[in-house]
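Please keep the sequence and the structure in view while reading.

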Amino acid sequence: QVQVVESGGGLVQAGGSLRLSCAASGRAFNIYTMGWYRQVPGKQRELVATITSGGSTNYAVAAKGRFTISRDNAKNTVYLQTDSLKPEDTGVYYCNADYSPQGMGVVLKSWGQGTQVTVSS
């Protein structure tokens, strides 16, 4: 089983920046796509950005041009650089990792506990 742990959230003023990190750990696994999702109370969790093991990225419309996702495959870590933050970016940011235990032909998902990002106006 793979565990993912997020860090880097906090309180920032509008226009500021935060860098979120997410590290995946476990035994004998292959990591595929990793991504960041945001959830606010009363709403469904929504995509922010994803990145494949080969480096291909996908962004939500609201994140394009302001957020940058990257990863370090050697460290099984994904980052989300968030710039020009807006109050509407506020929420709990969750990290997700798609992984396959070695020797098993299935792809599983692991979610972190989330990190709070609050952007004040």
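## Ground rules

Buried means under 20% relative accessible area, exposed means over 50%, and partly exposed lies in between (1.4 Å probe, protein chains only). This is a predicted model: local features need pLDDT of at least 70, side-chain atom pairs count only at pLDDT 80 or more, and totals for chains, interfaces and linings use all residues. Residues are numbered from 1 along each chain as its sequence is written, and side-chain values use heavy atoms, with hydrogens and water left out.

## Overall build

The protein chain has zero helices and eleven strands. Helices (H or I, at least four residues) and strands (E, at least two) are DSSP runs, numbered from the N terminus.

The radius of gyration of the protein chain is 14 Å, which agrees with the value near 14 Å for a compact globule of 121 residues. That radius is taken over C-alpha atoms, and the globule rule is 2.2 Å times the number of residues to the power 0.38. The C-alpha trace spans about 50 × 25 × 20 Å along its principal axes.

## Packing and surface

Of the 121 residues, 41% are buried. Contact means heavy atoms within 4.5 Å. Among contacts with a separation of 6 or more, 54% join residues 24 or more positions apart.

The accessible surface comes to about 6500 Å². Carbon and sulfur atoms hold 48% of that surface. The areas come from the Shrake-Rupley method with a 1.4 Å probe; for residues, only the protein chains shown count as cover.

## The largest pocket

A pocket is an open set of points on a 1 Å grid over the protein atoms alone, where a 1.4 Å probe fits, with protein on both sides within 12 Å along at least five of seven lines; lining residues have an atom within 4 Å of a point. The largest pocket has a volume of about 150 Å³. That volume is the space filled by probe spheres set on the points, which are joined across faces, edges and corners.

The lining has 13 residues, and R38, E46, A62, A63 and D89 lie nearest the centre. Strand β5 (residues 46-51) gives the most, with three residues. The lining divides into seven nonpolar, no polar and six charged residues. Ala, Val, Leu, Ile, Met, Phe, Trp, Tyr, Cys and Pro count as nonpolar, Asp, Glu, Lys and Arg as charged, and the others, Gly among them, as polar.

## Two positive phi angles

N76 is not a glycine, yet its phi is positive, near 50°. N76 sits in the loop between β7 (67-72) and β8 (77-82). N76 is partly exposed, at 22% relative accessible area.

S84, also not a glycine, has a positive phi of about 50°. Its place is the loop between β8 and β9 (91-101). S84 is partly exposed, at 41%.
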